[in-house]
Amino acid sequence: MSGRDLFCEPRRIRRGAALTLVFASVLVAGAATGSFSDTARKTEAGTPGSASARRHDEVTRAAAQAMADGKSPMEAAERAVSRSGDRWGAVYSQGEYEEFEEALDGQYTGVGLWARRESDGRIEVTRVSAGSPAAAAGIRKGDLLRTVDGTRVDGRPVTEVVSLLRGDADDATAGTKVSLGLERGSRSWSRTLRRARLSTDSVTVSSLPGRVTLIKVDAFTKGVGAAVRTAVGRAPERAGIVLDLRGNSGGLVSEAVTTASAFLDGGLVATYDVNGAQRALHADAGGDTARPLVTLVDGGTMSAAELLTGALQDRGRAVVVGTRTFGKGSVQMPSRLPDGSVAELTVGHYRTPAGRSVDGRGITPDLEADKESLPRAETVLSGLGDLSGTTR
């Protein structure tokens, strides 16, 4: 498992909530965030008589009653959500929700480290963001992170290490200090860094043999769609593209639709219902439909990433390679509770252009592959050769 100090498991998960996604900003997105205006959210989430409206009323009443009784409104709301049976329902403190929204906007507070836990429990730095406090401190890929503010991190889940780096327990802000114990070969040392406001880097572009362009999208944060469009435009003419959505747990659906627009010439991306009302998402015209395209997915491909995968697969635009995706195709809407916390409750579901439901099912790849998925993708592209892509 790997992560960076943007990607932290929110505190409510450590309190035992059922939702188990790792990328915190995605938790507020589901298949809705970024696709609806604030007015639409408030109106549709509260349609009188709907099941979601009843759930919303029950959660709000529970929070209000707890506040009147001098108890925790947030804990009361969490219990009400749990009783409702809403698998993806969740309650966030005001601070948590603000953090999630900031992350979706492509900003976070941290030191700029990516890390993973090795099989022996050691925490290894796998990447250092350029211009970050970690980069300025001379920390490199391959260094071992031993302690954070004196706390040993060997054997801890990466999400806990990330939380320590961010200072979640203290609601740490930019400018606060964090002390790191590091190791490189036989050398051990400590450095004190100041956390900073950093920009996410959700899109990574690299070249593979045969003029193939690999576009890795970690999450659909603000600006990702435009970044993918740019990468497609800069790729060698008519050369193949691998769109890597493995481990992408979602984000802003508007960015997923913009990404789809890079490969489609208009047309349907997905349909969704909100309290029974049907809606549709469409790609913009003018996308590149000529390049051979393979999309990589796995069990960590969720939500908006599944929406995009389903669109490219149903429209005949991409060959999907990997393992079955996670299966989150529900739409959540946020509503403010009396104490300022936020409840996210499910109000509907989305479907692929062919009408397939994703929720609880996931998307089955065209070609099953696990560890060898990238080499298999390259093989598929070599077979496609100079064939022009067509969409339907």
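1. Two strands pair if DSSP finds at least two bridges between them. Strands (E, at least two residues) and helices (H or I, at least four) are DSSP runs, numbered from the N terminus. By these terms, six strands form an open sheet with mixed pairing, in the order S11-S12-S13-S16-S17-S20. Strand S11 (203-208) and strand S20 (367-368) are the edges; each has a single partner strand, so one side of each lacks a neighbour in the sheet.

2. This is a predicted model: local features need pLDDT of at least 70, side-chain atom pairs count only at pLDDT 80 or more, and totals for chains, interfaces and linings use all residues. Residues are numbered from 1 along each chain as its sequence is written, and side-chain values use heavy atoms, without hydrogens and water.

3. S11 pairs with strand S12 (residues 212-217) over six bridges, in the antiparallel sense. Val-205 stands opposite Ile-215 in S12.

4. Helix H11 (residues 373-384) lies across S11, S12, S13, S16, S17 and S20. H11 runs at about 165 degrees to S16. Axes are lines fitted to C-alpha atoms, for helices over the stretch in contact (heavy atoms within 4.5 Å). Angles run from 0 to 180 degrees between N-to-C directions.

5. Helix H10 (residues 304-314) lies across strand S13 (241-244), strand S16 (293-297) and strand S17 (319-322). H10 runs at about 145 degrees to S16.

6. Leu-198 is found in strand S10 (residues 196-199). Leu-198 and Ser-129 are 69 residues apart in sequence, yet 9.1 Å apart in space, C-alpha to C-alpha.
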